[in-house]
Amino acid sequence: GESRWVLLNSVRIHWKGKPATLNLVADISEIKQAEERITRQLQHMAALRAVDMAIAGNTDVNRTLRLLLEQVTGQLGVDAADILLVDRQTGKLKYAAHQGFRTRAILSAEVAMGEGYAGKAAAQGHPVLVACLRGTPRTMLSAARLESEGFYAYYCTPLIAKGAVLG
């Protein structure tokens, strides 16, 4: 009842004076799974390298953030992602860049530290995962923003550099 990868080798032979085939079948499922894992790891490494190169060789923060979001959405297979950065004057998280959103509502995003999921992730310094947004208290999310996007799940992680939360 499960799918398996197999390698089939077939050779024409003569058997008892008649044409026939000799077939050898080998289960290579473990090899294919290992190959897929290696391919994913190489893709992740290439993405990290692209982000590293963008950070090291680019002074345009917006371009670097866009590249980061392209890599994140592509590698994680998510529909949308955004970056909120700490505004040093207000201490709030404010919209900086996005990828994959259907509406423009994200452009006005602003979250106080400790409030909402993004604010909690930034204030506590660790990721927040909401596996199902249905029934989530409206105080935790910008309900209109997320409902208009049709999101099902939400994941937020703090952006930390040299021990300081940047977003």
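Colleague: What makes the span of helix H1 close to the expected one?
Modeller: In this predicted model, helix H1 covers residues 29-57, 29 residues in total. Its first and last C-alpha lie 42 Å apart. At 1.5 Å a residue, 42 Å is also what is expected.

Colleague: Which residues of H1 are buried, and what do they pack against?
Modeller: Ser29, Lys32, Ala47, Val51 and Ala54 are the buried ones in H1. They pack against strand E2 (18-27) and helix H2 (61-76).

Colleague: Lysine 32 again: where does it lie relative to tryptophan 5?
Modeller: Lysine 32 lies over the face of tryptophan 5. The distance to the ring centre is 4.6 Å, and the cut-off is 6 Å.

Colleague: How many aromatic pairs does the structure hold?
Modeller: Two.

Colleague: Why is the pair of phenylalanine 101 and phenylalanine 151 called edge-to-face?
Modeller: The ring centres are 5.7 Å apart, and pairing requires them to lie within 6.5 Å. The planes meet at 80°. Edge-to-face means over 60 degrees, so this pair is edge-to-face.

Colleague: What parts does that pair tie together?
Modeller: Phenylalanine 101 sits in the loop between strand E4 (93-99) and strand E5 (110-111). Phenylalanine 151 sits in the loop between helix H4 (143-149) and strand E7 (154-156). The pair therefore ties together parts 50 residues apart in sequence.

Colleague: Is phenylalanine 101 buried or exposed? And what does phenylalanine 151 count as?
Modeller: Phenylalanine 101 has a relative accessible area of 16%. Buried means under 20%, so phenylalanine 101 is buried. Phenylalanine 151 has 23%.

Colleague: Why is the pair of tyrosine 117 and tyrosine 154 called tilted?
Modeller: The centres are 5.7 Å apart, with 40° between the planes. Stacked needs under 30 degrees and edge-to-face over 60, so the rest count as tilted. Tyrosine 117 is in helix H3 (residues 116-124) and tyrosine 154 in strand E7, 37 residues apart. Tyrosine 117 is buried, at 13% relative accessible area.

Colleague: What makes E4 and E5 a pair?
Modeller: Two bridges join them. Pairing needs at least two, so E4 and E5 qualify. The strands run antiparallel. Leucine 93 has valine 111 in E5 as its bridge partner.

Methods
Residues numbered from 1 in each chain as written. Predicted model: local features only at pLDDT ≥ 70, side-chain atom pairs only at ≥ 80, totals over all residues. Heavy atoms only, no water. Phe/Tyr/Trp six-rings, centres within 6.5 Å; stacked < 30°, edge-to-face > 60°. Helix = DSSP H or I, 4+ residues; strand = E, 2+ residues; numbered from the N terminus. Buried < 20%, exposed > 50% of the residue type's maximum accessible area, 1.4 Å probe, protein only. Lys NZ or Arg CZ within 6 Å of the ring centre and 35° of its normal. Expected span 1.5 Å × (residues − 1). Contact = heavy atoms within 4.5 Å.
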